[in-house]
Amino acid sequence: MVTIKWCLQQKNGIELIEPNENLCNAYFIDADDSLKAMDKNEGKWKVVTAYYACYNALYALLMKVGIKCEIHDCTLSLMSFLEFIPAERMFLQGLKQQRIDVQYYLRSAPYIDTLQIKKFVADCKSKAGSLHLDKIDKIRRSVKNG
């Protein structure tokens, strides 16, 4: 597992930027588009679109807080700062591995619980609604300190 300190030192790792509500909304739109694609797809592409629906919903939260990160493992490591429970992080890490397996190693697509995917995206939207300036500042300070 990667650490926040490691991610802060990496090129394209964790970087604090200005919080951006517009990008937050754009990533939620992208997550919703991926959900629609997930519902239409089967096999490999169902897994791929399910992962990106969740990942983009999570990234929307990061944009709202003002955190940029292009390393997926580092993005997932930030979930604790956004107050996700460990089971949600394990779920998303597992989904990421399933995406890699079907996309790059051509393994058979596993069953995807689409209700769980939709719940994760909805939970991210709910969290975004509860992120106010004081909470955003607290998250940013915690991330900066690693």
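User: In which helix does Leu 95 lie?

Analyst: Leu 95 lies in α5, where a helix is a DSSP run of H or I with at least four residues, a strand is a run of E with at least two, and both are numbered from the N terminus. The model is predicted, so that local features need pLDDT of at least 70 and side-chain atom pairs count only at pLDDT 80 or more, while totals for chains, interfaces and linings use all residues. Residues are numbered from 1 along each chain as its sequence is written, and side-chain values use heavy atoms, with hydrogens and water left out.

User: Why does Leu 95 count as buried?

Analyst: Buried means under 20% relative accessible area, exposed means over 50%, and partly exposed lies in between (1.4 Å probe, protein chains only). Leu 95 has 3% relative accessibility and therefore counts as buried.

User: What is Leu 95 in contact with, leaving aside its neighbours within four places in sequence?

Analyst: Contact means heavy atoms within 4.5 Å. With those neighbours left aside, Leu 95 is in contact with Ala 50, Tyr 51, Cys 54, Ile 112 and Ile 117.

User: What makes a group of residues a nonpolar core, and which members of the largest one touch the most other members?

Analyst: The set must consist of buried Ala, Val, Leu, Ile, Met, Phe, Trp, Tyr and Cys residues joined through side-chain atoms within 4.5 Å. The largest nonpolar core has 46 residues, and Ile 14, Leu 92, Leu 95, Ile 117 and Phe 120 touch the most other members. Two or more residues come from each of α1 (4-9), α2 (21-40), α3 (43-65), α4 (72-77), α5 (86-104), α6 (114-130) and α7 (133-144). The largest share, 15 residues, is given by α3. In soluble globular proteins, nonpolar side chains tend to be buried together.

User: Which residues does Phe 120 touch, not counting those up to four places away in sequence?

Analyst: Phe 120 touches Cys 54, Leu 58, Met 79, Phe 84, Glu 88, Phe 91 and Leu 92.

User: Why is α5 called oblique to α6?

Analyst: The two helices pack at an angle of about 125 degrees, with their axes 12 Å apart. Axes are lines fitted to C-alpha atoms, for helices over the stretch in contact, and angles run from 0 to 180 degrees between N-to-C directions. Angles under 35 degrees count as roughly parallel, over 145 as roughly antiparallel, 65 to 115 as roughly perpendicular and the rest as oblique. The angle falls in that remainder, so α5 is oblique to α6. In this pair, Glu 88, Phe 91, Leu 92 and Leu 95 of α5 meet Gln 116, Ile 117, Phe 120 and Asp 123 of α6.

User: What classes of residue make up the contact of α5 with α6?

Analyst: Five are nonpolar, one is polar and two are charged. Here Ala, Val, Leu, Ile, Met, Phe, Trp, Tyr, Cys and Pro count as nonpolar, Asp, Glu, Lys and Arg as charged, and the others, Gly among them, as polar.

User: Are Ser 34 and Asn 56 buried or exposed?

Analyst: Ser 34, in helix α2, has a relative accessible area of 11% and is therefore buried. Asn 56, in helix α3, has 7% relative accessibility and so counts as buried. Ser 34 touches Asn 56, as well as Thr 49, Tyr 52 and Ala 53, when residues up to four places away in sequence are not counted. Under a like exclusion of neighbours within four places, Asn 56 is in contact with Tyr 27, Asp 30, Ala 31 and Ser 34.

User: Why is Tyr 111 called exposed?

Analyst: Tyr 111 has a relative accessible area of 71%, which places this residue in the exposed class. Its place is in the loop between α5 and α6.

User: What is the phi of Leu 106, and what is that of Asn 12?

Analyst: Leu 106 has a positive phi near 55 degrees, although this residue is not glycine. Leu 106 lies in the loop between α5 and α6 and, at a relative accessible area of 67%, is exposed. Asn 12, also not a glycine, has a positive phi of about 65 degrees. Asn 12 is in the loop between α1 and β1 (15-16), and its relative accessible area of 39% makes this residue partly exposed.
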